[in-house]
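These are my notebook entries on one structure. I set down what I looked up, entry by entry.

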Amino acid sequence: MSTAQVPPVTAIGTPRITAGFDEYGRLDLLAHQEVHGGFAALSSGELIGLADRIELRGRGGAGFPFARKVRAVVDSCRRQELPPVIVVNATEGEPPSWKDKAILTRGPHLILDGAALAAAALDAEEIVIGVADDGVGQESLAAALAERKMPCPTRIVLVPHRFISGEGGALVRGINGEAHIPPGRKVRSSDNGVMGLPTLLSNAETYSQLAIAARLGPWEYNAVGIPEEPGTVMLTVGGSASAPAVVEAPTGTSLMEVLEMCGADIGPGLLVGGYHGKWVSAEQAKTIQISRKGFAKVGGTLGAGMLIPIGSKTCPLGEVAQVVQYLAGESAGQCGPCRIGLPDLARAVTLVSLGGNAVEQVRQAAGLVKGRGACSHPDGSSRFALSALEVFRADVQAHSNGEGCGKPVRGILPLPYTAEKGARKLALDWSRCDGHGLCSAVAPEIIRLDHNGFPAFPQTPLPPWLEDGARKAVNVCPALALRLTEPTPAK
């Protein structure tokens, strides 16, 4: 059962969720019991009380109080006279995030303990665990289930490894056999979730934290971290870090301590909270303590615990443009802000990266999608783009002057498509190009004309949703100067 794809895992202070990882690598049931010990079953009231006393919030991004979720499900079950379903969201579809996969592959029994606690307390009909179909974690989880008895039928559901597939509504739809996309309207899973039953849905780390708290009790659990947000958090440190890792850290830990232990070169900025998060400057990063409150002080969010320093060796705007193109392609395409607004935003950000004077276009496109989508995807995407313009202001100025920053786009912000995975790039034969400009008219979201009237486009892999446009641009070139490169074979 390989964990080779998952970054190294480490801890600051005494490990809790990651206890035993160094000694055992992966904890089977016997190792898990030796490291963590047993725990007593809880009633629904005791479960709510424990979650309240440790201030447990969801670790999937939104940070919703877990006790309020449980109360809502209990009330719905009583009102409708129906049993609940417990859903564990272990899909982790966002490219920079690895912390849930680290638990899945190395400590799966903690996730199952938390789900079992909730199921027994609420007398659940079923437990469903959503796992991405990327091959990371499923085998480990299935092996853990085979080693133990759960309080009710438990099954694993494979979910497409896409950004939006892990959204709560999309996961419920997928479990119900529908398309793995968010519903077109707001739906409370606590009232109508899996099979129409009241559903308690939370993130894999959240259930793991619940399992730790059930063993330690609220007093010991709260002895670590800051009083208003006790305990530890799981973080993924990637980007420019020379030693990327999944780090378990007590709340209140200095952000710089985490970054320094991973050898991170912050450069001009740091992305916190993932691709729906926010960019903060290097100066702001020095003031942050790891907590929701700490990130909120600089207008950021802890989200799902992603810390992505951009470093000083890549073009920040080129990196940002690639991600906004990816986010536009990841939309469900079922409401205007996603179907029309995000492609507009991607085009505008790409223009800025290519030296176009399109900052106001970015702001306008972001303003048109904010608060209008059926899910949080448009809001998160616009936050990512707008904060980049602010933090990378000097780069925006350098690019708009036509000079650029002089740095290549190195792929510091990870994406699921690369040249090695079959993505293509646009290439130009300058000896043939006559500057007709037809290509930019056909594919304006990819190609613009520079000051001399010749095509300019990112020297980076094309997202799949832009390949058709790029192919049309190639086909209309009268001089046969433009072409799509062949995919680079994986080594």
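Entry 1, a residue and its contacts. I began with Val-70, which touches Leu-47, Ile-48, Leu-122 and Leu-200 when residues up to four places away in sequence are not counted. Contact here means heavy atoms within 4.5 Å. I note that this is a predicted model, in which local features need pLDDT of at least 70 and side-chain atom pairs count only at pLDDT 80 or more, while totals for chains, interfaces and linings use all residues. Residues are numbered from 1 along each chain as its sequence is written, and side-chain values use heavy atoms, with hydrogens and water left out.

Buried means under 20% relative accessible area, exposed over 50% and partly exposed in between, with a 1.4 Å probe and protein chains only. Helices (H or I, at least four residues) and strands (E, at least two) are DSSP runs, numbered from the N terminus.

My search of the whole structure gave 7 aromatic pairs. Rings of Phe, Tyr and Trp (its six-membered ring) pair if their centres lie within 6.5 Å; planes under 30 degrees apart count as stacked, over 60 as edge-to-face and the rest as tilted. Tyr-275 and Phe-384 are edge-to-face, at 5.9 Å centre to centre and 65° between the planes. Tyr-275 lies in the loop between strand 10 (269-272) and strand 11 (278-281) and Phe-384 in helix 16 (residues 377-391), so the pair ties together parts that are 109 residues apart in sequence. Both residues, Tyr-275 and Phe-384, are buried.

Is Ser-97 buried or exposed? I found Ser-97 buried, with a relative accessible area of 5%. Ser-97 sits in the loop between strand 2 and helix 5. Its contacts, leaving aside neighbours within four places in sequence, are Glu-92, Thr-236, Ala-304 and Met-306.
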